[in-house]
Amino acid sequence: MNIRDKIKDKILDKLIADEGEPVSGEKLAKELSISRSAVWKNIKALRDEGYMIESSTNLGYSLVSSPDTLSSARIKAGLETKLIGKDIEYFKETESTNTIAREIAGSVDEGTVVIAESQTGGRGRLGRKWISPEGGIWFSIILKPKIQPVHAPRITLLAGVAVAKTISTYGLEARIKWPNDVLISGKKVCGILTEIEAEMDLIDYCVVGIGIDANVDTESFPEEIRQNSTSLKKELGHEIARVEFVQKLLSEFESLYLKFQKEGFPPILEEWREMSATIGEWVKITTQSKTVYGEAIGVDNEGALILETGEGRLEKIVAGNCEHLRRGQGA
Ligand code: BTN
């Protein structure tokens, strides 16, 4: 984000904080140490983005209405978290929020969020592309937990629980397909891509990328994805207020993350199990080296899936692609 955008964000922060009351140009200029004409230029830029800002010669500028954007100022207004989302980097369009988050992770605080209206090179698990048009919620959270790299999957499961719990506040039944797809009525509404940078036995940072098909028309997705995808808009029958959704999700994420740091992984795993769509299902797991069929009978303390194969053997799967099948299929 350049200096100009930062000033624009600060002006917006102040207009939002004053809840429609006029703020004088002189006051803005003084508080931000910029000229009156710089204030005016930034107000014009905000209007070009869709903010309705009234101005009166004597009183100053007042915010009348905001566009449905996920700008830092809009998310932060009313956000109750202490850590997650304390700093938010906003992009109208970027290649991938995970890529940006990895680039800046070394120089920002834990909890920093990178969010975009659309991504041109969104990345999914297993090297897949992630379609990220406007209307969705595409963001990454930078975390610096003091855990070993082998325990990173715990963070992914935690993120799945946070998303599923947030969706359920809208009256929808969200379930988690191992390891981290969030489903509504068996169709995918959210994917999570966790990437880490680590030393031998300690994580430097962890980027949790979350993609939610919020107000997206999944009908426009390619055939092979369309069949198994849904959106919040489709399930609810109307668009959602994305800013409010992000605020709720960041709060949920923070309370689970703080619980994880205080009490360890067991309480998170307990919640994951309760929301699991996979336990009890007959599944096909494809890893880099093999394909296994069996009944998913549980998840262990590392987040690995435990399968009972057709021959009655137990297999532990740490990472791979999971498909839910009809019982006995492929065995
Ligand atoms: C998957 O299910 O394959 C994971 C999809 C993860 C998508 C999100 S969108 C925000 C972040 N930026 C990316 O490029 N990917 C993740």
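The model is predicted, so local features need pLDDT of at least 70 and side-chain atom pairs count only at pLDDT 80 or more, while totals for chains, interfaces and linings use all residues. Residues are numbered from 1 along each chain as its sequence is written, and side-chain values use heavy atoms, with hydrogens and water left out.

## Overall layout

An automatic or database domain assignment divides the chain into domain 1 (3-65), domain 2 (72-274) and domain 3 (282-325). The centres of domain 1 and domain 3, taken over C-alpha atoms, lie 55 Å apart. Along the principal axes, the C-alpha atoms of the chain fill a box of roughly 80 × 45 × 30 Å. The radius of gyration is taken over C-alpha atoms, and the globule rule is 2.2 Å times the number of residues to the power 0.38. For 331 residues a compact globule would have a value near 20 Å, and the 22 Å of the chain agrees with this.

Of the 331 residues, 51% are buried; buried means under 20% relative accessible area, exposed means over 50%, and partly exposed is in between (1.4 Å probe, protein chains only). Contact means heavy atoms within 4.5 Å. Among contacts between residues at least 6 apart in sequence, 62% join residues at least 24 apart.

The secondary structure comes to 10 helices and 14 strands. Helices (H or I, at least four residues) and strands (E, at least two) are DSSP runs, numbered from the N terminus.

Two strands pair if DSSP finds at least two bridges between them. An open sheet with mixed pairing is formed by 7 strands in the order β3-β4-β5-β9-β8-β7-β6. Its edges are β3 (88-94) and β6 (174-177); each has a single partner strand, so one side of each is left without a neighbour in the sheet. From one strand to the next the twist averages 20°. For angles, axes are lines fitted to C-alpha atoms, for helices over the stretch in contact, and values run from 0 to 180 degrees between N-to-C directions.

Strands β5 (residues 137-143) and β9 (residues 203-212) run antiparallel and are joined by 7 bridges. Phe-139 has Ile-210 in β9 as its bridge partner. Helix α9 (residues 242-263) packs on the sheet, where it touches β4 (113-119), β5 and β9. The direction of α9 makes about 25° with that of β5.

Glu-239 is in the loop between α8 (232-236) and α9. With 49% relative accessibility, Glu-239 counts as partly exposed. Apart from neighbours within four places in sequence, Glu-239 is in contact with Asn-215 and Lys-233. Ala-214 is 25 residues from Glu-239 in sequence, and their C-alpha atoms are 7.7 Å apart.

The antiparallel strands β11 and β12 are joined by 5 bridges, and Ala-296 stands opposite Leu-307 in β12.

## Salt bridges

A salt bridge is a side-chain nitrogen of Lys or Arg within 4 Å of a carboxyl oxygen of Asp or Glu. By this rule the chain has 25 salt bridges, including those in the table.

| Pair | N to O distance |
|---|---|
| Glu-302 and Arg-154 | 3.4 Å |
| Asp-181 and Lys-177 | 3.7 Å |
| Lys-316 and Asp-300 | 3.3 Å |

The salt bridge between Glu-302 and Arg-154 links distant parts of the chain, 148 residues apart: Glu-302 is in the loop between β11 (291-299) and β12 (305-309), and Arg-154 is in helix α6 (residues 152-168). Glu-302 is partly exposed at 27% relative accessibility, whereas Arg-154 is buried at 12%.

In the pair of Asp-181 and Lys-177, Asp-181 is buried with a relative accessible area of 10%, and Lys-177 is buried at 15%.

The salt bridge between Lys-316 and Asp-300 joins strand β13 (residues 314-317), which holds Lys-316, to the loop between β11 and β12, which holds Asp-300; the two residues are 16 apart. Asp-300 is buried, with a relative accessible area of 19%.

A network of salt bridges links Arg-102, Arg-123, Glu-195 and Glu-197.
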